[in-house]
Amino acid sequence: MAEYNLVSECVGLITLRNPPVNALSAAVRQGIVDTVQRALSDPNVKSVVICGQNGIFCGGADIKEFGSNMTGPPLIPMIHAIESANKPVVAAIEGSALGGGLELALGCHYRIAHSKARLGLPEVTLGLLPAAGGSQRLPRLIGVPAALNLITTGRHVTAAEALQLGIVDQVTDHNTVDAAVKFALSVAGRSLGPRRISAHPCPQQPDLDALFEEVMQKVRQSARGAIAPIACVQAVRAAATLPYAQGMERERELMATLFTSGQARALQYCFFAERAVGRWRMPSGARWDTSKPRPLHKAAVIGLGIMGRGITVALAQTGLSVIAVETQEKQLMEAKQAISGMLERGAKRRGVAPALDRVIYSQNIQAVADVDLVIEAVFEDIALKTKVFQQLSAVCKPGTLLCTNTSALDVDQLASETPNPELVVGMHFFAPAHVMKLLEVVYGPRSSPQAVATAMQLGKKMGKASVAVGNCRGFVGNRMLKPYIEEAFFLLEEGATPELVDQALEEFGFAMGVFRMSDLSGLDVGWRIRKGDGLVEPSTASGRSTRIRQGRRYSPLGDLLCEEGRFGQKTGRGWYQYDKPGSRVARSDPWLHSFLGAYRAQHGLVARRIDHQEVLERCLYALINEGFHILDDGIAAGPEDIDVIYVSGYGWPRHRGGPMFYANMVGLAKVLERLEHYQQLHPEVPHLQPSSLLRRLVASGSPPIHKWGEAIKKLHSQL
Ligand SMILES: CC/C=C\CC(=O)SCCNC(=O)CCNC(=O)[C@H](O)C(C)(C)COP(=O)(O)OP(=O)(O)OC[C@H]1O[C@@H](n2cnc3c(N)ncnc32)[C@H](O)[C@@H]1OP(=O)(O)O
């Protein structure tokens, strides 16, 4: 796990070997302890170089070990032994030096990095802090403000930035290990005192208290209830104010609280879930590892509204040539200007040249004849989309993949309108499409594994969390959102206010409560869908019967707001009021409160006191219950798929792991009991009726989330 070689006659070369990222497992730590000892006790060895195999230094502690009893030598004494060595130790950093990997490098006396390397302390993203001395050494090396930034955000820096900050001593474009060995030879015999970071005082910082107060305030605001970023600030404060040994003690105490926290478990679950969704599988048995994606060189986007523009930018930024088609001349000109602006801003941010010439604009659909993949992004109307698909089938070369960007329409129906339904998949982007991290890749029963593999690979290249899901109304994300929003409406009827519901959800950790979110996305979107479903009726009717539609409880509150022209932020009025149309600061609206009072009076409803607990249970458990239906229907392959969708695209707090992980944490029996309780109170609300999968999981002893897959399979096979 750590290989030892003598090179250049007097340099001990230690190579970490633990693919794929040389994580510091117990065996690797043991290997480092043994090989360092060997190098230090060999009189022929004048200096030591530590590197990692396969072009990666070290991806940090082995996260998989965190859930079990840790064995093997602990990291802290191992790093101390390196720092206090009487021979220079040089870290040769290729690929990544992250978390414990960077902490190991900080224990070395010198650090040489390849120009393409990335360094960082991302522990905060796993609900932890850099507790192998990182929170104490980094501020001593680069100063408190820069260390606070890196440790509280967990961001990775380039080798160039690491050099500028003083984290590394040299950057090379050539072979890093050769450069490090040469360097190690050049520093052999030099005094090592000044190179031991733990012995440095923290660089002086004027107004330390004010700085920490300001940072703590910012961190609390952005953490949305996450505890690790706060502990990170406290640990760096210890580095700035205490001697090293006491700072280490504080680091240990803070880590002890984080390490066993539910938040750390949730965040580490998210880390693995994001990787697990890449290993997609379809009910047909097709899988990621047996389905080869088609090579893509040229793509097209049809329809350059808001979504089409974002998709064009996302495609161009992956390096593809894009034909962007819009039949309306004025719209095309506006889109060209908007897309160029987005590409220029994106390129400036990333320090690269804008890919303007990768996009060719056309008013003519014939221009897409030789592309490999088309993403249709026209208005959400099945007749229009069907027409476009028929045109595309006639125009495109054989084998072109036809993708529809839709949030709700039936992908199978569209596929059935084409001569080659196996080439059709849905790609549900989220606005703005070049920014939002989530992509639902929707397959139908006839989508070919190759079409799914190609869309999934394209999503990955676009930097998106891509999740393959089956075709159904709303797919996964919006299907689960429906009961969540409906429960929020019912709570308003029963006595809650938008402010109360949103506050409960935001305190839970959502980026935005349901009503602020609806105002942002536009109330007319849901109104149009409900009209299409025949649910919207004239507003004059009153009484209970008007609130039962299609055999179930229905709240017309959203429709009534739309009838008043209150579509949310864009009209300056919705569930809240705004200073002007398009403004973003939501303010409580007295009109809305009188409107709710009048509505309750009209329908004979008596407002009662509703607390945060009820808001959370009704909204979240209704959403989770739909998640169980989705798993039972085979629309999502596993709970990780649902959780990645909710964390990446719906503002679910990452430190709560996603809705299905949250249900697992709360306890499936408790979720079932509360759903049964609310269902008894509201028998006319079908989405409160516990899913049969939830019941079966509880009956089979509530297995932990990583065992649900087995349980679902077993339960299905017993049917
Ligand atoms: C006392 C505590 C001391 C220290 C605390 C820590 O060090 S916590 C760990 C801190 N490190 C990180 O957070 C880094 C996590 N890894 C990454 O960011 C990326 O994996 C990395 C290293 C940039 C490589 O990215 P790439 O896209 O090339 O690969 P991918 O992410 O798909 O990972 C490949 C497989 O490796 C597994 N893996 C990655 N890092 C770790 C790790 N630290 N421990 C265990 N396993 C790790 C990852 O899960 C992938 O495997 P898979 O089977 O596909 O899930």
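1. Glu9 sits in the loop that joins β1 (2–7) to β2, where strands (E, at least two residues) and helices (H or I, at least four) are DSSP runs numbered from the N terminus. Although Glu9 is not a glycine, its phi is positive, at about 70 degrees. Glu9 counts as exposed because it has 9 C-beta neighbours inside 10 Å; the cut-off for exposed is 12 or fewer other C-beta atoms within 10 Å, with C-beta atoms placed from the backbone.

2. The model is predicted: local features need pLDDT of at least 70, side-chain atom pairs count only at pLDDT 80 or more, and totals for chains, interfaces and linings use all residues. Residue numbers start from 1 along each chain as its sequence is written.

3. Gln550 also has a positive phi, of about 50 degrees, without being a glycine. The loop between β18 (548–549) and β19 (552–553) holds Gln550, which counts as exposed with 8 C-beta neighbours inside 10 Å.

4. Two cis peptide bonds should be noted. The bond from Pro19 to Pro20 is cis, with omega near 5 degrees, and Pro20 belongs to the loop between β2 (11–16) and α1 (26–41). The bond from Ala431 to Pro432 is cis, with omega near -10 degrees; Pro432 lies in the loop between β15 (424–429) and β16 (438–443).

5. An automatic or database domain assignment divides the protein chain into domain 1 (2–259), domain 2 (298–473), domain 3 (496–500 + 515–602) and domain 4 (612–717). Taken over C-alpha atoms, the centres of domain 1 and domain 3 are 54 Å apart.

How values were computed:
A residue is buried if 20 or more other C-beta atoms lie within 10 Å of its own, exposed if 12 or fewer, and partly exposed in between; C-beta atoms are placed from the backbone.
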